[in-house]
Amino acid sequence: MAYKIIASQCTVCGACEFECPNAAISLKNDMYIINPKKCTECEGSFETPQCAVVCPVENTCVPA
């Protein structure tokens with residue numbers, strides 16, 4: 001499974017992009033998106049998905 005970013009809640013701060021160990025997050029059309037093919041929910045790197053940990057807006061980076 002992968003995570004996704006709720007576009008209507010995203011502030012486009014960029015914190016998640018730099019924390020992703022798989023480079024699964026990128027800026028497209030002024031909005032951050034998560035590539036589900038690259039997202040591993042940080043398994044093997046962290047105990048919890050880092051996009052959700054660093055996001056300043058609660059429940060913006062959520063399971064897809």
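This is a predicted model: local features need pLDDT of at least 70, side-chain atom pairs count only at pLDDT 80 or more; totals for chains, interfaces and linings use all residues.

Student: Which cysteines form the disulfide, and how far apart are their sulfur atoms?

Tutor: The disulfide is formed by Cys 51 and Cys 61, whose sulfur atoms are 2.2 Å apart. This pair links distant parts of the chain, since Cys 51 sits in helix H2 while Cys 61, 10 residues apart from it, belongs to strand S4, which covers residues 61-63.

Student: Why is the disulfide called left-handed?

Tutor: The torsion about the S-S bond of Cys 51 and Cys 61 is about -65 degrees, so the disulfide is left-handed.

Student: And are those two cysteines buried or exposed?

Tutor: Both Cys 51 and Cys 61 are buried. Cys 39, by contrast, is in no disulfide, and the nearest cysteine sulfur, which belongs to Cys 51, is 6.3 Å away. Cys 39 has a relative accessibility of 16%, and because the cut-off for buried is under 20%, it counts as buried.

Student: What about Cys 42?

Tutor: Cys 42 is also in no disulfide, the nearest cysteine sulfur being that of Cys 20, at 5.9 Å. With a relative accessible area of 7%, Cys 42 is buried.

Student: Changing topic, which residues touch the most other members of the largest nonpolar core?

Tutor: That core has 13 residues, and the ones touching the most other members are Ile 5, Ile 25, Ile 34 and Cys 51. Strand S1 (3-5) and strand S3 (31-34) are the elements that give two or more residues to this core.

Student: What stands opposite Ile 25 in S3?

Tutor: Ile 34 stands opposite Ile 25, and strand S2, residues 25-28, pairs with S3 in the antiparallel sense over 4 bridges. S2 and S3 form a hairpin with 2 residues between them, and Asn 29 in the turn has a positive phi of about 50 degrees. Leaving out residues up to four places away in sequence, Ile 25 touches several residues, among them Ile 5, Cys 16, Tyr 32 and Cys 51.

Student: Back to helix H2 for a moment: is Gln 50 buried or exposed?

Tutor: Gln 50, which is found in helix H2 (residues 50-54), counts as buried at 11% relative accessibility. Apart from neighbours within four places in sequence, Gln 50 is in contact with Glu 19 and Cys 42. Ala 52 lies in helix H2 too, but Ala 52 is partly exposed, with a relative accessible area of 34%.

Key:
Residues are numbered from 1 along each chain as its sequence is written. Side-chain values use heavy atoms; hydrogens and water are left out. Buried means under 20% relative accessible area, exposed over 50%, partly exposed in between (1.4 Å probe, protein chains only). Contact means heavy atoms within 4.5 Å. A nonpolar core is a set of buried Ala, Val, Leu, Ile, Met, Phe, Trp, Tyr and Cys residues joined through side-chain atoms within 4.5 Å. Two strands pair if DSSP finds at least two bridges between them. A disulfide is a pair of cysteine sulfur atoms within 2.5 Å.
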